[in-house]
Amino acid sequence: MRYTLFDTPLISPLMRGMAFSFLKIFGWRLEGRLPDVEKLVVIAAHHTSNWDLPILLSLAFALRAKACWLGKHSLFRRPLGFLFRWMGGIPVYRSASHNMVAQSVEMFRNSQKLILTIPPEGTRSKVSHWKTGFYYIALAAEVPIAMAFIDYKRKAVGVGPTLYPTGDIEADMEVIRNFYANVTAK
């Protein structure tokens, strides 16, 4: 059995306590909760800062969620590659087409439980529109999308509404955009 940071004996409860302490020390408030489902795509937005990862990992520990997340492949090189994989990271090679949607759908089909966290911007840089891979993954895997957020203005981190993709991407993305309209990025 391959352990991640979220289920390593002794370390996981310690990390949960550290996550609550981290959030409290830095003045962050937790809001919402994950839906009670076995499989889920989580949008992690807005992804604009290196602080997003420790804040979102703290959220995952606080919610007792064994979350996996997609990150650029260069994060997974030595010496920290093992650590990021242990933290639930899955490398993404953005320079070439590797059909990440199909690979992610296959991960869902081969898992009894899976929480896959995806930053829809695909980068920390400012973008004019989000990538839609998260939507197509959820649609094809027939799993809901939870809207996780980091609101730097309110110093709140949490999970908002859950959307079950209908296949009408325009309408569904409008619901998602409306939720994130009042979430302030760093």
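# Close-up views of a predicted model

View 1. Phe-26 has a relative accessible area of 39%, so Phe-26 is partly exposed. (Buried means under 20% relative accessible area, exposed over 50%, and partly exposed in between, with a 1.4 Å probe and protein chains only.) This is a predicted model: local features need pLDDT of at least 70, side-chain atom pairs count only at pLDDT 80 or more, and totals for chains, interfaces and linings use all residues. Residues are numbered from 1 along each chain as its sequence is written, and side-chain values use heavy atoms, with hydrogens and water left out. Phe-26 sits in the loop between α1 (11–25) and β1 (29–31). Helices (H or I, at least four residues) and strands (E, at least two) are DSSP runs, numbered from the N terminus. Together, Ile-25, Phe-26 and Trp-51 make a nonpolar surface patch of about 350 Å². Patches are made of residues with over 30% relative accessible area and no salt bridge; like charges are joined within 9 Å, nonpolar side chains (Val, Leu, Ile, Met, Phe, Trp, Tyr) within 5 Å. Accessible areas come from the Shrake-Rupley method with a 1.4 Å probe; for residues, only the protein chains shown count as cover.

**View 2. Leu-10, ahead of the helix α1.** Leu-10 lies in the segment before α1. Its relative accessibility is 75%, so Leu-10 counts as exposed. Gly-71 is 61 residues away along the chain, and the C-alpha atoms of Leu-10 and Gly-71 are 26 Å apart.

**View 3. Two nonpolar cores.** In soluble globular proteins, nonpolar side chains tend to be buried together. Here the largest nonpolar core has 29 residues. Val-41, Ile-43, Phe-134, Ile-176 and Tyr-180 have the most contacts inside it. Helix α5 (residues 133–141) gives the most to this core, with five residues. A second, separate core has 28 residues, including Phe-22, Ala-67, Ile-115 and Val-159. (A nonpolar core is a set of buried Ala, Val, Leu, Ile, Met, Phe, Trp, Tyr and Cys residues joined through side-chain atoms within 4.5 Å.)

**View 4. The surroundings of Phe-134.** Set aside the neighbours within four places in sequence. Phe-134 is then in contact with Val-41, Ile-43, Ile-118, Pro-120, Ile-145, Met-173 and Ile-176. Contact means heavy atoms within 4.5 Å.

**View 5. A salt-bridge network around Glu-31.** Arg-29, Glu-31, Asp-151 and Arg-154 are linked in a network of salt bridges. (A salt bridge is a side-chain nitrogen of Lys or Arg within 4 Å of a carboxyl oxygen of Asp or Glu.) Glu-31 meets Arg-29 at 3.0 Å, N to O. Glu-31 also meets Arg-154, at 2.9 Å, N to O. Arg-154 lies in the loop between β6 (145–151) and β7 (156–163) and Glu-31 in strand β1, so this pair ties together parts that are 123 residues apart in sequence. Glu-31 is partly exposed at 22% relative accessibility. Arg-29 is partly exposed at 39%, and Arg-154 at 37%.

View 6. The side chains of Arg-177 and Glu-174 form a salt bridge (3.2 Å, N to O). Both residues lie in helix α6 (residues 169–180), three residues apart, about one turn of the helix. Arg-177 is partly exposed, at 42% relative accessibility. Glu-174 is partly exposed too, at 38%. The whole structure has four salt bridges.
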